[in-house]
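Reader: I should like to learn how to read the features of a structural model in order. Please begin with the backbone and proceed to the chains.

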Amino acid sequence: MSARVVQDAPISAENLVKRFGAFTAVDHISFRIARGEIVGFLGPNGAGKSTTIRMLCGLLRPTEGRATVAGFDILREPERVREHIGYMSQKFSLYGDLTVNENLRFFGGIYRVSRDVLPERMRFAVEMAGLSGRENELVSSLAGGWKQRLALGCSILHRPPILFLDEPTSGVDPESRRRFWDLIHAMSDDGVSVLVSTHYMDEAEYCNRIALIDRGRLVALDSPAVLKQRSLGGALLLIECDPIGIAIASLPKAPGVREVAAFGNALHVLVDDADAAIAALPSLLSGQGVKTERIERIAPTIEDIFVQLVGAVRPERA
Amino acid sequence: MKLVRIKAMAIKETLQVWRDPFSLLIALLMPLMQMLLLGYGLSLDIKHLPVCVYDREASQDSQALLKRFQASVYFNIVEGADNYRDIATSLDRGICVLAVVIPPDFTERLNDSGVSTVQAIVDATDTNTANIAMGYAQAVVGGFSTDAQISATDARGRPLQFIQPVDVESRVWFNETLESRDFIIPGVIALIMALVGAQLTSLTVSREWERGTMELLVSTPVSPMEVMFGKLAPYFLIGLLDAAFCLVFGVFWFDVPFRGTVSTLFVATSLFLVVILGIGYLISVKIKSQVGAAQIGLLVTLLPTALLSGYTFPIDQMPPPVQAITYLVFARYYVTALKALFLKGSGILDLAPQLLAMAAYAAVIAFLASRAFRKNLD
């Protein structure tokens, strides 16, 4: 890869591999993230999202492969990398026994934010986190959403061009999550590249591009719209029926049905032809003693894509 | 290395110590407790030993001898027994350490032959005390016989021409009154430095691991050296403050003389602190749990300081192999320096060997500590 390309991409990873003993946590992952782009790492727990982010931050050394962040090689110049990134770890990692302002001042010092701008940036972080008037409270006394936003505030004190957010919204209420994403979008508008991992499928819709990760492998990387359009070679039906167990067992054998997945108390069924299936399936199900309450065509969500893609790659790896 | 990062680190660490009751207790209360406990509780002087007497004669002479025991500061007659069984019981129960038995023919033999004996039975479960008690008892009896000899010669009407045997006129230097507290207190300072320094620093890095703050710290551009200096600076100051407290408390409360200069004490204490804090930090980096780090910290700093530094147990009385080991115990040099500073008033040049040894130790430990902290989670 030429130097110019690296400069164009604030984050660039090539065949990153991380093994812990015999276990391969990250298996040849490659991608590039552009300036101001929000890329979401999506996948179940243990898929390798955190491990990839940690390698890019210089917290873990890759077993194989290489990556540059802000134009610096993560293996050769980890300190230069660290100067240009903000990182929010999965686990809350500010100092609980320090106050809001003391935490901000500490990270301001560690990131060498100049004394002229530090007070203003601290004020900005406090306002952003919605903690105005609570600057002198101990961080351990704050509720989850505030802690998360303060952690984000601390990680952007030095105005890094790149942000790594590892499940920043886990355990945070929906209202706080929405506010959090507003902040991320505001930063992306300012040209900050954001790599964010999540296991909330709905959050993926907020990203410019989505990287679907399963068992250490990058399954797909594209915008939500393209992913939905390209991945599903058919139509998606929502079926509400009772009892659901028999339906799950019998539907995959029905003609024209490609994929069945349970979503809460309903089924998402991927079929070749929507109209034909809507006409045929209720009678087929009632023959099995299953009563169909609702059947309709729906737009696929990222979760549908994920199920479909992961289902598709599994046999290949077996 | 950037000063602003070290400063941020040091302020953060100070705030954490200030808000942690356990650390605060160690930093501020531990020195006072140790001073009082060891200053009052630990005395190696043998005085007022409890003595049992069994006077089988009950004569003027026997009473005169016993009075000498009572008058001595080393003995305290606690019981008069009527038979050997009582003596055995008293020794068994620890009521007395020494029993003095005066035979029924004490005066008679003294007058007839000029030679008489008394029996002393000593509880030698503590051999050191037993030896010293026997020595003192012999001195008391010796004094009595000299006087008896003089009065006997007198009584026979001979002119008092007493040949003075060779006598050693001893003079004790540096600790004139042979107060054991005067040499214990300087040693206590080393003990307190080791205890406080190791306890506080052994927690400093493991705390970050346990609370999950390490992950974020490692992701910042702070360098391992900045982390080390920033983290240790507050503990270095606390250590110096504690040393100053010990000095003032020892001199003004326990009346221990301080004949050296504060600047030499400062140099010696600083070097010792660098070693102790460096070791505590090394342990803290390697052991990721606070409890484990604190325990190992005590094991490698406090224990050798208490046992092998010569603080209580004289090094030259140890078996040769153990003596050889004490050269590796860095606290040995500090304790030697402290005692010399307090009692002899030795200057910085007199203490050059000790200070150089500590400086060498400090250099090695600082080097190892600066390389110990790795900025990754692997």
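**Reading the model by feature**

Author: A:Ala70 lies in the loop between strand E4 (64–69) and strand E5 (72–73) of chain A. Helices (H or I, at least four residues) and strands (E, at least two) are DSSP runs, numbered from the N terminus. This is a predicted model, in which local features need pLDDT of at least 70 and side-chain atom pairs count only at pLDDT 80 or more, while totals for chains, interfaces and linings use all residues. Residues are numbered from 1 along each chain as its sequence is written, and chains are lettered from A and ligands numbered from 1 in the order in which they are written.

Reader: What is the phi of A:Ala70?

Author: Most residues other than glycine have a negative phi, and most peptide bonds are trans. A:Ala70, although not a glycine, has a positive phi of about 60°. In chain B, B:Ala58 also has a positive phi, near 55°, and is found in the loop between strand E1 (49–55) and helix H3 (60–71).

Reader: Which peptide bond is cis?

Author: A cis bond joins A:Asp242 and A:Pro243, with omega about -5°. A:Pro243 belongs to the loop between strand E11 (235–242) and helix H9 (244–250) of chain A.

Reader: Is A:Ala70 buried or exposed?

Author: A residue is buried if 20 or more other C-beta atoms lie within 10 Å of its own, exposed if 12 or fewer, and partly exposed in between; C-beta atoms are placed from the backbone. A:Ala70 counts as buried because it has 21 C-beta neighbours inside 10 Å. B:Ala58 is exposed, since 12 other C-beta atoms lie within 10 Å.

Reader: How many residues of H13(B) are buried?

Author: Of its 15 residues, 14 are buried, so H13(B) is mostly covered. The expected span of a helix is 1.5 Å times one less than its number of residues. For helix H13 (residues 330–344) of chain B this gives 21 Å, and its end C-alpha atoms are 21 Å apart, in agreement. Just after H13(B), B:Gly345 takes a positive phi of about 75°.

Reader: How many helices and strands are there in chain B?

Author: Chain B has 14 helices and four strands. Its radius of gyration (taken over C-alpha atoms) is 29 Å, well over the 21 Å that the globule rule gives for 378 residues, so chain B is more spread out than a compact globule. That rule is 2.2 Å times the number of residues to the power 0.38. The C-alpha atoms of chain B fill a box of roughly 100 × 45 × 40 Å along the principal axes.

Reader: Into which domains is chain B divided?

Author: Domain bounds come from an automatic or database domain assignment. Chain B is divided into domain 1 (3–43 + 178–372) and domain 2 (49–146), with 47 Å separating their centres, taken over C-alpha atoms. For chain A the assignment gives domain 1 (3–225) and domain 2 (233–299), whose C-alpha centres lie 40 Å apart.

Reader: How many residues of chain A are in contact with chain B?

Author: Two residues are in contact if their C-beta atoms, placed from the backbone, lie within 7 Å. In this model, 24 residues of chain A are in contact with 23 residues of chain B. On the chain A side, helix H3 (78–83) and helix H4 (100–110) are the elements that give two or more residues. H4(A) provides the largest share, four residues.
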